[in-house]
Every structure is written in C-alpha cells, then in structure tokens.
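Reader: I would like a close look at one part of this model, a packed pair of helices. Please keep it plain.

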Amino acid sequence: MKNMSHNHEALKEYYGRVLSGTGDLKTNACCSEPNTMPLPARDILKLIDQEITDRFYGCGSPIPASLDGCTVLDLGCGTGRDTYILSGLVGKNGLVIGIDMTDEQLSVARRYLPSMMEKLGFQQAPNVEFRSGYIEKLQCLGIESESVDVVVSNCVINLSPYKREVFKEIFRVLKPGGELLFSDVFSGQRIPESLKDDPVLLGECLSGALYIEDFRRLLNELGCSDYRLLSKAPVTINNPEIEAKIGGIAFYSMTIRAFKLDNLEDICEDYGQIAAYKGTVSGYPHSFQLDDHHRFITGKPERVCGNTAAMLQDTRLGTHFTIQGTRKVHYGPFDCASGCDDREPAGTCC
C-alpha cells in the first residue's frame with residue numbers, strides 16, 4: 001500500500017477543525033435519524049452525553065441485533081456515539097473497539113469513557129477501547145485475524161482512498177460467520193477523478209462514494225459473492241454550490257450487511273430449504289428483518305435460498321432460527337418471488 005495520502009490529512013482537518021458539530025455540515029449526506037435505530041439502541045442513546053451526539057456524523061443506523069458477548073469493531077468511531085451504543089448491547093462479556101484517525105474526535109470519545117461506563121454499569125470492567133489509526137491498517141492497530149464477531153461503520157468507508165484495503169482488512173479480522181454491517185453513501189455512477197480531491201466534497205461524503213456496481217465487484221473479488229441491502233434512501237444535497245460541482249450524479253445512503261461465509265453462491269439457488277424464526281432475538285419478539293426483502297415472522301416457516309439459509313444458520317443468528325433441509329439436492333435457481341416478502345429484492349440476492 002502507498003503511504004497514507006494527503007486525503008487523510010484533508011479529512012483530519014475537516015472533521016477535526018473545520019466542523020465543530022453537525023450544524024456545520026453543508027449537506028445531509030452525513031446525518032442520520034435516531035428513530036431508525038432498533039429500540040434497544042434508542043434507549044442507550046438517551047444516556048449518551050450531548051457533546052458526543054453533537055459531533056456525530058453518520059448516514060444510517062448500522063446497529064446489529066444479537067450482540068451479547070460479541071467483539072465488535074467500530075471503524076471511524078469519531079466521538080464514540082455508536083461505540084457506546086454497541087457497548088450497552090454487547091454487555092459485560094463483550095468488547096467494542098473504536099478506531100479513528102482524528103485526534104480531536106477521539107479526545108471527546110475518551111473523555112467520556114469513565115462516565116459512560118458508569119452509566120452503562122461497566123465501570124469495574126470497561127468493555128470499550130479507543131485506538132488511533134487508519135481503517136486500512138487494522139493489523140498495525142493490533143486487530144488479529146479472525147478475532148472479531150462484527151464490524152460496523154457509519155459513513156466512513158467512503159472517506160478512505162484505499163477502499164479495497166479496507167474491505168480486505170475487514171474480512172481478514174472477521175471470524176468465520178462474522179458480519180459486516182455498515183451505512184455509507186454510494187453513487188449511481190463513478191465519480192470523476194477531478195472531484196475526488198475536493199476537500200469539501202470529500203468531507204461531505206460525496207466525492208469518495210463508491211459506485212454501487214463497483215462495490216459489488218469488489219466484494220466478489222474478495223470472496224463475498226452475496227451481500228444484502230437493508231435500506232436505501234436518496235441523498236438530497238440542497239446546496240447550490242455543491243450541486244454545481246457534483247453535476248447530475250445521484251447519491252444514496254445505504255445500509256448493507258455481508259457475512260464472512262465460504263459457501264455463498266453468486267446467485268440464489270434452490271435446495272428446498274425452509275427457515276423459521278424463533279422470536280428469540282432481544283427486542284424482536286414478533287419478527288426479524290434480515291434484509292430489504294426477507295422479513296421472518298416468528299414461528300412462520302419460509303422458503304429460502306441456499307445463501308439465505310447459510311446466513312441464518314452458519315452465523316451468530318443460528319441459535320435464533322430453525323433451518324430444515326441441506327444442500328444435498330439442488331432444484332435450480334431460487335424463485336425470489338416466492339420468498340417471505342413481496343418487495344423487489346436488492347443487493348446481490350436475486
């Protein structure tokens with residue numbers, strides 16, 4: 001990998017000194033709504049100090065379910081809002097590691113560590129660590145291979161000039177069956193090179209946005225042939241100066257999950273498998289949403305493709321689902337129209 005580019009220095013300047021809070025942002029690309037969070041996370045959010053939330057920049061709510069006892073890595077943790085939410089969800093037997101390259105943001109996160117651990121009940125054995133460094137170089141920060149259950153990120157990967165290295169490192173540190181859940185800004189076409197060094201466009205999460213099809217190809221090259229989309233919303237810039245620079249490029253805030261599984265196929269295949277949700281994920285007694293077109297109602301058996309069965313059976317979600325059938329008999333491509341939700345599928349699935 002090349003030396004860290006001047007883009008990193010520009011971002012440190014933008015997030016460390018130019019922005020003093022979310023009110024300084026020039027677009028809504030890096031703003032998320034708390035009411036999109038799972039209910040357990042919203043309860044923890046109420047405990048978090050105002051300075052932390054005032055300097056939070058994110059475009060979604062990548063807060064996974066079923067985290068008790070997990071080791072979670074928060075890439076680009078900033079002032080630690082999501083890190084502290086995750087701390088409450090992993091519990092006393094879990095660990096959350098927040099990584100950021102901006103000293104000004106980390107100083108806020110670390111200043112509130114004692115009080116936040118007291119509020120969450122972990123003052124005797126804190127379950128949060130903050131480390132300063134680059135998300136492209138997790139090994140340099142002591143993150144061992146196959147040591148992490150879940151990786152999350154909130155509108156940060158688009159800022160990296162080395163996205164392939166970021167995703168390669170993520171899949172290195174994830175345990176088999178581990179999950180990447182992240183929210184980020186994606187583009188409907190490739191961003192012109194002439195815009196990529198603009199400090200405002202970069203800092204506002206626009207000029208570094210990945211073209212969604214290039215993202216799909218990148219994950220496939222790294223061995224992940226099926227990712228799932230949870231949500232997608234257009235980014236409305238509403239800034240004439242920035243709109244003039246960016247032209248007609250469409251941007252979307254998307255939340256995506258991908259699992260580290262070695263048995264995923266590049267299309268959905270039918271093996272006659274059936275999945276039923278037990279209703280046992282904390283906070284989700286009646287249904288569980290895997291992605292934008294798989295909503296499992298408690299106790300109701302649903303036909304699923306081989307990839308979906310693997311995501312439900314060979315990950316930490318396995319204790320919450322009953323899967324009938326194996327891959328011994330193949331019936332051809334899976335008909336997504338017969339799945340458990342009638343919405344148009346997105347992501348790699350079908």
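Reader: Is the crossing in which α4 passes α6 left-handed or right-handed?

Author: The crossing of α4 past α6 is right-handed; a crossing gets that name if the near helix is turned clockwise from the far one by less than a right angle, and left-handed if anticlockwise. This is a predicted model, in which local features need pLDDT of at least 70 and side-chain atom pairs count only at pLDDT 80 or more, while totals for chains, interfaces and linings use all residues. Residues are numbered from 1 along each chain as its sequence is written, and side-chain values use heavy atoms, leaving out hydrogens and water.

Helix α4 covers residues 81-90 and helix α6 residues 113-120; helices are DSSP runs of H or I, at least four residues long, numbered from the N terminus. Their axes come within 10 Å and cross at roughly 30°. An axis is a line fitted to the C-alpha atoms over the stretch in contact, and angles run from 0 to 180 degrees between N-to-C directions.

From α4, the contact (heavy atoms within 4.5 Å) involves Tyr 84, Ser 87 and Gly 88. Helix α6 brings Leu 113, Met 116, Met 117 and Leu 120. Of these residues, five are nonpolar, two are polar and none is charged. Here Leu, Met and Tyr count as nonpolar, and Gly as polar.

As for confidence, pLDDT (the predictor's confidence in each residue, from 0 to 100) averages 89 over the chain, and 86% of the residues score at least 70. Residues 10-21 have a pLDDT below 50, and this stretch has 38 contacts in the model beyond near neighbours in sequence.

How values were computed:
Helix = DSSP H or I, 4+ residues; strand = E, 2+ residues; numbered from the N terminus.
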